[in-house]
Amino acid sequence: METIKSKINERSCAMELRLEHLVKDFSGTKAVNDVSITIQDGKLTGLLGPSGCGKSTTLYLISGLESPTSGRIFFGNRDVTALPPEKRGIGLVFQNYALYPHLTVEQNIAFPLVNHKEGKEEIRRRTLEMARLVQIEDLLKRKPGKLSGGQQQRVAIARALVKRPDILLLDEPLSNLDARLRLEMREEIRRIQTETGVTTVFVTHDQEEAMSITDEIVLMRTGVVQQQCPPQQMYLNPANRFVAGFLGNPPINFFRLDVCGGTVCLAEDYMLRVRGAADGPVLVGIRPEAWRLGQGLRTAAEAVEMRGKDLLVTFSLAGERARAILDITAGVAAGDAVELTLEPRLVYFFDPETGARLDAEVAG
Ligand code: ATP
């Protein structure tokens, strides 16, 4: 493991990636709108967000396939803003693999080295090393058409890494795979990234994918970064309503309520005491897993669905449909009366107009 790590990084040192006030304007549409972020050296960072939020454009700007309207891009201390892709020291992997169909797996992986006029022995050694890393050494003589989607993606990753890039860029690399292969390949990407230690940026619209394998997530919306931090932190401490709503499956439930004398009334006989919120309208976000059976809110289960070992219980709250994830041992069926209590750390307060997170919490 150490060997591959040191070889991949032979010509790179700490390769942090820094974007400074990056803007990409497509005739009036700001696909990337003043993005300033630092992506840590040696980490796997997920660029996450809904369709059209600007994550692919950000990746293309990092790669040099697109030029920014304004702003700067640094790889370590090197300003690469004006450099073409081939001079940046990047490895790129796209969702459609983009392998050469007439070349064998071995020739596909070796292609960048042949292009670079490396020596025959060196090409052979590094091609084998990469094939071993992505675990396809027994497929070297096959053509891409005879490989599964997952195997093709492994070849594409090997080809991107064989040049020993400073930064590996992956654009929705798993979206053409079926559900089972996606799970397998996302673990593989994590393993390969950990073994090589190469700074990696991974674009995805799939929050579960991002949360499961990344060290850090950059969550974007309409060209603007909403929050950047490790996945657990983002889930437990969302910066605003959008972040809270984007992460989580089943999603968080929001309720438009009023703070009155330091309390929020969720039902006639169920109130929460709130610390830090002024009287007035507020948007309350409650994660489904915040609820558990216990003394508190008396309600009725309107629908109950099994989700693996959990129960997804739907009930009415403050005029809205609410969801609770309960352990299967709760033994709740549709139509049952239930009494639920809340974990205060999974209840959030937002400004109902701007969606900004309020510095408020459930007291006691
Ligand atoms: P998806 O997940 O659907 O690929 P994305 O988050 O990667 O979306 P981008 O592809 O970066 O989003 O697009 C961001 C915005 O910029 C969108 O509004 C898109 O229509 C626009 N856009 C992207 N590329 C171009 C282009 N070449 N010309 C004009 N507009 C573009």
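Which residues line the largest cavity?

Tutor: Keep in mind that this is a predicted model. The lining of the largest cavity is made of Ile157, Leu168, Leu170, Ile189, Ile192 and Gln193. The space inside comes to about 40 Å³. At a threshold of 30 Å³ or more, the structure holds one cavity.

Now place that lining on the fold. Two elements each supply at least two of its residues: strand S7 (167-171) and helix H6 (179-196). H6 gives the largest share, with three residues. Next, sort the lining by class. Five residues are nonpolar and one is polar. No charged residue takes part. Gln counts as polar, so Gln193 is the polar member.

Turn to the second largest pocket. About 180 Å³ of space lies there. Its lining includes a run of sequence: Glu343, Pro344, Arg345, Leu346, Val347 and Tyr348. Arg357, Ala360, Glu361 and Val362 also belong to the lining, as does Leu236. Strand S20 (347-350) and strand S21 (361-362) each provide at least two lining residues.

The class count for this pocket reads seven nonpolar, no polar and four charged.

Notes:
Residues numbered from 1 in each chain as written. Predicted model: local features only at pLDDT ≥ 70, side-chain atom pairs only at ≥ 80, totals over all residues. Heavy atoms only, no water. 1 Å grid on protein atoms, 1.4 Å probe; cavity = no way out; pocket = protein on both sides within 12 Å on 5 of 7 lines; lining within 4 Å. Points joined across faces, edges and corners; volume = space filled by probe spheres on them. Helix = DSSP H or I, 4+ residues; strand = E, 2+ residues; numbered from the N terminus.
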